[in-house]
Amino acid sequence: MGKTLFHKVWEDHAVRKLPNGQTQLFIGTHLIHEVTSPQAFGMLRDLGLTVKYPSRTFATVDHIVPTNELVEPYSDPLAQAMIEALRKNTKESGITFFDTNTGKQGVVHIVGPEQGITQPGTTIACGDSHTATHGAFGAIAFGIGTSQVRDVLATQTMALSPLKVRRINVDGKLAPGVYAKDVILHIIRLLGVNGGIGFAYEYGGEVFDNFSMEERMTVCNMSIEGGARCGYVNPDQKTFDYLKGRPYSPNGAKWEDAVKKWKSYASDKDAIYDDVVNIKAEDIKPTVTWGINPGQAVFIDENLPLLEELEGSDRATAAEAYEHMSLTPGAPIRGTKIDVAFIGSCTNGRLSDLDEVAKYLKGKHVAPGVTAICVPGSQVVAKIAEEKGLDKVFREAGFEWRGAGCSMCLAMNPDKLKGNQLSASSSNRNFKGRQGSPTGRTILMSPVMVAAAAVTGEVSDAREVFGFAETVSA
Amino acid sequence: MSALEKITKVTGRAVPVPGDDVDTDRIIPARFMKCVTFDGLGEFAFYDVRYDAEGKKKKHPLNEDRFKGATIMLVGSNFGCGSSREHAPQSLHKFGVRALIGLSYAEIFFGNSTTLGMPCVSVDVETLHTLTQIVESHPEKPLTIDLEKMVVAAGGNEYPIKLAESAREGLLAGEWDPLALLLNKPEEIESVADRLHYV
């Protein structure tokens with residue numbers, strides 16, 4: 001009987017069964033950052049413990065880094081204290097730290113893959129729920145809390161209960177203007193924000209086969225928004241091509257051995273799944289959220305749901321969402337005025353996102369009154385983008401071009417919404433207060449849709465704004 | 001490591017926190033996470049739910065005198081969704097919460113809470129409704145969550161609760177923080193590391 005990648009990786013990394021029935025699982029790669037690690041190092045010190053495998057931990061700083069103030073000390077002393085704590089902790093423990101002066105710093109989920117640290121068939125943990133991103137490479141990657149960060153530092157293992165596996169097939173071809181972000185928002189809308197509880201999501205089918213690694217990362221990144229603990233795509237030639245030659249990828253004679261091993265982790269053709277969901281690519285259109293969780297989403301040409309169309313608690317949550325968002329049930333989402341446009345984050349701050357937006361933004365200009373910011377996900381992304389002249393395209397269009405960081409995704413830095421501003425955002429969460437103002441409002445969408453909203457000053461169909469069909473067929 | 005307390009029962013007054021899909025940003029807004037310890041997070045629990053932009057108290061059960069000092073929260077479904085930040089359960093714990101009774105929980109939040117010795121037990125919709133009514137009409141009377149009998153005692157009746165077996169066993173055995181267990185077979189960890197091709 002065939003096995004899934006999840007089961008193969010789990011079995012290879014299982015240390016032993018614990019008395020409570022959980023598995024002690026070996027974590028091959030541990031990624032840390034400044035928000036969720038200082039308390040863990042503090043706990044280690046209190047217990048007189050040290051880091052067991054410092055060479056298997058990699059650190060960067062992302063959440064608190066100001067994106068327009070690149071010189072220290074930062075004006076926020078708390079942010080300065082957090083980066084200094086990480087410097088001290090990594091230095092004392094012998095952990096590699098992609099600090100701000102290395103040219104490699106950035107959002108942890110962008111840095112891991114681009115450095116070749118993220119590899120197929122591995123287990124990865126990080127004190128951030130979007131660790132699911134790394135599943136794009138066929139890794140089993142978990143977001144963890146700080147006590148578990150402590151556990152991984154002290155033992156390179158953690159206690160986990162196994163997950164069921166749901167295979168999500170997206171077959172067919174996506175229409176022009178429909179992106180990976182639309183695919184995952186559609187999946188979450190269909191299955192619910194709690195639909196994935198107890199599951200690992202395995203994404204497959206023609207759409208994922210055709211997706212670039214960046215597109216796979218965008219989808220895996222938001223697995224957690226659907227309640228799944230992790231999400232992954234089976235490794236293939238595209239995965240190997242992406243990893244070849246990266247700083248931490250295996251090289252020389254080790255490369256062929258690694259690829260052979262990586263291939264063996266892919267789910268068997270006759271693997272048994274706990275659940276299978278089939279989605280047709282042709283059914284997916286550009287999707288935007290209207291509420292206060294990522295499952296409250298509609299196609300751009302749909303009207304917002306009427307409260308009476310919703311059942312039970314969905315109705316109560318929708319009523320709360322409409323009040324917070326100041327939106328009207330039954331109205332179209334298109335035409336909703338925006339104040340801020342944000343392109344960046346671990347979901348959509350990669351080079352391919354910026355490339356795609358720049359293609360359409362050339363010659364266009366941000367609407368009056370809209371603040372538009374573009375935040376490359378890492379210093380590497382920023383450098384390549386600047387070499388390609390993308391920064392000029394964004395600047396000439398009226399976007400601010402920033403330094404690498406998490407920026408306005410969760411606003412633990414100076415990039416925040418003010419008052420009840422409404423943001424068109426390429427990030428992953430539209431929770432109340434998420435973008436820094438308790439009354440701020442967030443509409444999630446693909447980066448190209450954010451650009452369309454920036455240019456028109458309202459939630460718009462990028463396919464119309466940018467004359468998509470013609471551009472694509474040209 | 002010193003032995004942990006066995007958690008067999010949690011007794012205390014309760015406060016209902018309404019809503020489904022209450023996310024971790026709601027439990028503790030990100031702007032309060034700029035810290036290198038968890039000390040002091042209690043005052044920021046549900047900050048934007050409890051206070052308006054001017055810092056004035058908003059109408060919410062958590063601000064009502066009759067629920068002051070409650071140590072058990074009654075919550076809806078998918079509680080704690082969103083971030084993996086342990087700051088969320090830490091802020092509740094430091095706020096004084098010792099257990100949650102709800103419909104369901106996001107997995108990372110559930111695990112983080114268990115590691116703090118703060119059980120998150122589940123009930124069905126009718127039971128939650130009944131418990132909420134009991135607590136609303138008699139907020140001064142304590143409830144007891146009994147993890148041995150797997151019931152919650154309230155208003156003279158007992159109602160069944162659910163809790164993942166691994167969490168239940170950990171709490172009952174005083175092994176809810178797994179670190180001591182994880183540390184005690186280093187040779188087994190090393191043998192897995194040795195056989196993995198990439199470590």
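By the grid rule used here, this predicted model has five cavities of 30 Å³ or more. A cavity, on a 1 Å grid over the protein atoms alone, is a set of points where a 1.4 Å probe fits but cannot get out. Points are joined across faces, edges and corners, and the volume is the space filled by probe spheres set on them. The model being predicted, local features need pLDDT of at least 70 and side-chain atom pairs count only at pLDDT 80 or more, while totals for chains, interfaces and linings use all residues. As for bookkeeping, residues are numbered from 1 along each chain as its sequence is written, chains are lettered from A and ligands numbered from 1 in the order in which they are written, and side-chain values use heavy atoms, with hydrogens and water left out.

Let's start with the largest cavity, which holds about 200 Å³ of space. It is lined by 22 residues (those with an atom within 4 Å of a point), and the closest to its centre are His63(A), Asp128(A), His130(A), Leu410(A) and Arg434(A). By class, that lining has seven nonpolar, eleven polar and four charged residues. Here Ala, Val, Leu, Ile, Met, Phe, Trp, Tyr, Cys and Pro count as nonpolar, Asp, Glu, Lys and Arg as charged, and the others, Gly among them, as polar.

Where does the largest cavity lie? Both domain 1 (5-275) and domain 2 (287-466) of chain A give residues to its lining, so it lies between them. Those bounds come from an automatic or database domain assignment. The centres of the two domains of chain A, taken over C-alpha atoms, are 24 Å apart. Their contact (heavy atoms within 4.5 Å) takes 43 residues from domain 1 and 47 residues from domain 2.

The second largest cavity has a volume of about 140 Å³. Of its 18 lining residues, Ile224(A), Gly227(A), Cys81(B), Gly82(B) and Ala106(B) are the closest to its centre. Nine of the lining residues are nonpolar, six polar and three charged. Domains 1 and 2 of chain A both contribute to this lining too, so the second largest cavity lies between them.

Now for a helix pair. Helix α1 (residues 5-13) and helix α10 (residues 253-265), both of chain A, have axes that come within 8 Å and cross at roughly 120°. That makes α1(A) oblique to α10(A), the class left over once angles under 35 degrees (roughly parallel), over 145 (roughly antiparallel) and 65 to 115 (roughly perpendicular) are taken out. Axes are lines fitted to C-alpha atoms, for helices over the stretch in contact, with angles running from 0 to 180 degrees between N-to-C directions; helices are DSSP runs (H or I, at least four residues), numbered from the N terminus. Leu5(A), Lys8(A), Val9(A) and Asp12(A) of α1(A) meet Lys261(A), Ser264(A) and Tyr265(A) of α10(A).

Note on methods:
1 Å grid on protein atoms, 1.4 Å probe; cavity = no way out; pocket = protein on both sides within 12 Å on 5 of 7 lines; lining within 4 Å. Helix = DSSP H or I, 4+ residues; strand = E, 2+ residues; numbered from the N terminus.
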